[in-house]
Amino acid sequence: MNKFYHIVTYGCQMNVHESEKIAGILSGMGYSSCEKIEDADIVVFNTCCIRENAENHAFGNIGMLKKLKKEKKNMLIAVGGCLPQQMHKAENLHEKFPYVDIIFGTHNLHNLKELIEKKLKSRKTVIEIDGGDGTVSEDDVPLRTSYPNAWVNIMYGCNNFCSYCIVPYVRGRERSRDSKKIIEEVQSLVNDGYKEITLLGQNVNSYKGDVTFPELLEKIAQIDGKFRVRFMTSHPKDFSRELVEVMASSPKICKCLHLPVQSGSDAVLKAMNRRYTTKEYLEKVAYLKDRIPDCTITTDLIVGFPGETEEDFNATLELVKKVGYSSAFTFVYSKREGTKAAEMPDQIPEEVSKERIIKLVDLVNSLTRAQSAQYKGKTIEILCEDYDEKRGLYCGRDEYGRMGYFSSDKNLIGQFVNLTVDEANGISLFGSIAG
């Protein structure tokens, strides 16, 4: 009898890739993917806890399965990822949702098969939350779902302990994969026809294998074949001139850098424990732009951090203008239990944070629109990634991350195409295949 799985993923690219690993485990056990949750024999929630709304969303969707579980008593429900890794959260999950069969943490993903087998032999809920002993699993065989793009973990965990961030507590300390294993994985992906490789880590440029991150990036870029390389996320304190030189030297490395600044105020950066100043950040940006003039930069920004004054917020607006980001992920500060910022005085009222985020988003959007407008009339190379059913158009990104839409009589997914841009709308470009 066919068995089916359904995975619900929340959060970052790391979670998206780890859901591919979960899919690989389930596929190896004989399960097939299904689109409808009610058709599944096992439902896995791969959760995120970086922000409160992601956690609440997961809780809501897990709660909605109570009725389905009564109707399908043999259906398994598993909850993994960052949410249950938090202190006492696994117990809370079990108490609130007693019909959940398996609860596992970020360090137990590679044991999912054994956890399922254990549950099938027992009526009790299986709960496994390890603290992480510094090991790195090299045996994962992900079932990739993002062709022609592929995610490749190069490291796990974080040592930075930014005062607002829960990641070090749920992902553990930094552990780097063996560089040879990484290069072999990328080589295999290129051989299989993948055209864009994104190297992942909570802080990729603190990679500490047998080579430095710039050296690893250079070795990957030397692999034969036409493909692109991206990487995220970079911490500004570890972003080096050596890395800039490697980026500048290879046409395969995308000239688009995600460099989260979080705030334009030195006082706020210090309170966040970011370990750099705005002056140091801008000096690194200046060197990058000097060596790679056409490079674009994206970032993360938080408003409403405890103690943020109007002057601090205005400093963020000014820094955004100076850098001229091509796009940004903008957030209102979210209190996370267990972090230092959650206990800080001068928590910002919600209405103040809302006013600030609106101003920030308006500024970022204006920069994005202005940069998109410069594409009009140009011919750019994009990697065709998908077909947009609603628009009836194929779509793909250029190396700077801009999404381009076009029509075609044949399927071009996985191919590089030259697109002449006729129209720019916000972050999206519209045009036709050149020549």
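User: Leaving aside its neighbours within four places in sequence, which residues is Q202 in contact with?

Analyst: This is a predicted model. In it, Q202 is in contact with M14, Y156, G157, C158, V167, R171 and T233, apart from neighbours within four places in sequence. The side chain of Q202 reaches the backbone nitrogen of G157 at 3.2 Å.

User: Where is the place of Q202?

Analyst: Q202 lies in the loop between β10 (196-200) and α9 (213-221).

User: Which elements supply at least two residues each of the lining of the largest pocket?

Analyst: They are α1 (13-28), α7 (167-171), β13 (296-303) and β14 (327-332). The largest share, four residues, comes from α7. By class, the lining comprises 23 nonpolar, 12 polar and five charged residues.

User: At what angle do helices α13 and α14 pack?

Analyst: Helix α13 (residues 310-323) and helix α14 (residues 350-373) pack at about 10 degrees, and their axes are 10 Å apart. Angles under 35 degrees count as roughly parallel, and α13 and α14 are therefore roughly parallel to each other. On the side of α13, the contact is made by E310, F313, T316, L317, V320 and K321; α14 contributes R356, K359, L360, L363, V364 and L367. The residues of this contact divide into seven nonpolar, one polar and four charged.

How values were computed: Residues are numbered from 1 along each chain as its sequence is written. This is a predicted model: local features need pLDDT of at least 70, side-chain atom pairs count only at pLDDT 80 or more; totals for chains, interfaces and linings use all residues. Side-chain values use heavy atoms; hydrogens and water are left out. Axes are lines fitted to C-alpha atoms, for helices over the stretch in contact, and angles run from 0 to 180 degrees between N-to-C directions. Angles under 35 degrees count as roughly parallel, over 145 as roughly antiparallel, 65 to 115 as roughly perpendicular and the rest as oblique. Contact means heavy atoms within 4.5 Å. Ala, Val, Leu, Ile, Met, Phe, Trp, Tyr, Cys and Pro count as nonpolar, Asp, Glu, Lys and Arg as charged, and the others, Gly among them, as polar. A polar contact is a pair of N or O atoms within 3.5 Å; within protein, one must be able to donate a hydrogen and the other to accept it, and residues adjacent in sequence count only if both atoms are side-chain atoms.
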